[in-house]
Amino acid sequence: MTPPPADLPAPPPPQAPRWLDWIDRAAMPFAIAIALLLFAQWPLRDLAGSGNGPTQANDLAQWLFALYVAVALRHAGRRGAHLVARPDLAADTSGRFARARRIGAALCVLPWALFLIVTATVPVWRSVAAFELFPDTFNPGYFMIKVALLLLAVLLAVQSALDLLRELRHPRGH
């Protein structure tokens, strides 16, 4: 009998609800927009001097980046592509303690995400209602950075809850 190959491909990530996948796909173009806006800052600065053009491009890029990161962190975590202290443990999906790590990860993220939702909802709502401006440039849109914070917390809470429920209902390998 031949031993199994050492580098087995990782199992595909569990299916996410369609609306979570839709959010991921909708955020993908933000990466291109962010790069273009940040690239445009310097030519705008040369053409317009120190006027509003460069600061508006920078401020818009900041809130697009915040939204993109909010979506990308959940997406990367679901695919197992996020940064971890021990990549060898993250890649081990069938080891002795793999189920405990999956449950533990969800139980670590879920309470903090819920805490953030509870504590940030009112300040974010106030910021949106006031159309809060960037404090340095007085350009509109700063409220979108706060919206991205709340979006990040909601997406991570939903993903953690789904992961926890899936693991408790259908443990892998049983």
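## A buried arginine, a bent helix and its neighbours

R74 is buried, at a relative accessible area of 1%. Here buried means under 20% relative accessible area, exposed means over 50%, and partly exposed is in between, with a 1.4 Å probe and protein chains only. The model is predicted: local features need pLDDT of at least 70, side-chain atom pairs count only at pLDDT 80 or more, and totals for chains, interfaces and linings use all residues. Residues are numbered from 1 along each chain as its sequence is written, and side-chain values use heavy atoms, with hydrogens and water left out.

**Around R74**

- R74 sits in helix α2, which covers residues 52–79. Helices are DSSP runs of H or I with at least four residues, strands are runs of E with at least two, and numbering starts at the N terminus.
- Which residues does R74 touch, leaving aside those up to four places away in sequence? They are L20, D24, L155, L156 and Q159. Contact means heavy atoms within 4.5 Å.
- The side chains of R74 and Q159 are joined by a polar contact of 2.4 Å. A polar contact is a pair of N or O atoms within 3.5 Å; within protein, one must be able to donate a hydrogen and the other to accept it, and residues adjacent in sequence count only if both atoms are side-chain atoms.

**Helix α4**

- Helix α4 runs over residues 98–129, 32 residues in total. From first C-alpha to last it reaches 44 Å, close to the 46 Å expected at 1.5 Å a residue. The expected span is 1.5 Å times one less than the number of residues.
- Where does α4 bend? The bend is at A120, by about 45°. A proline, P123, follows within four residues. The bend is the angle between axes fitted to the seven residues ending at a position and the seven starting there.
- The buried residues of α4 are A98, I103, A106, L110, A113, A120, V124 and S127.

**Aromatic pairs**

- How many aromatic pairs does the structure hold? There are 3. W112 and F115 form an edge-to-face pair, because their ring planes stand at 80°, with centres 5.9 Å apart. Rings of Phe, Tyr and Trp (its six-membered ring) pair if their centres lie within 6.5 Å; planes under 30 degrees apart count as stacked, over 60 as edge-to-face and the rest as tilted.
- W112 and F115 both belong to α4, 3 residues apart, about one turn of the helix. An α-helix has 3.6 residues a turn, so residues three or four places apart point the same way.
- W112 is exposed, at 63% relative accessibility. F115 is partly exposed, at 48%.
- F134 and Y142 make another edge-to-face pair, 5.3 Å centre to centre and 75° between the planes. F134 is buried, at 4% relative accessibility. Y142 is partly exposed, at 23%.

**The loop between α4 and α5**

- Is F131 buried or exposed? F131 is exposed, with 55% relative accessible area.
- F138 is in the loop between α4 and α5. Phi of F138 is near 60°, a positive value in a residue other than glycine. F138 is exposed, at 59%.

**Salt bridges**

- The count of salt bridges comes to 2. A salt bridge is a side-chain nitrogen of Lys or Arg within 4 Å of a carboxyl oxygen of Asp or Glu.
- K146 bridges to E132, with the closest N and O atoms 2.9 Å apart. K146 is in helix α5 and E132 in the loop between α4 and α5, so this pair ties together parts 14 residues apart in sequence.
- K146 is partly exposed, at 25% relative accessibility. E132 is partly exposed, at 26%.
- D163 bridges to R166, with the closest N and O atoms 2.6 Å apart. D163 and R166 are about one helical turn apart, because they lie 3 residues apart in α5.
- D163 is partly exposed, at 28% relative accessibility. R166 is partly exposed, at 23%.
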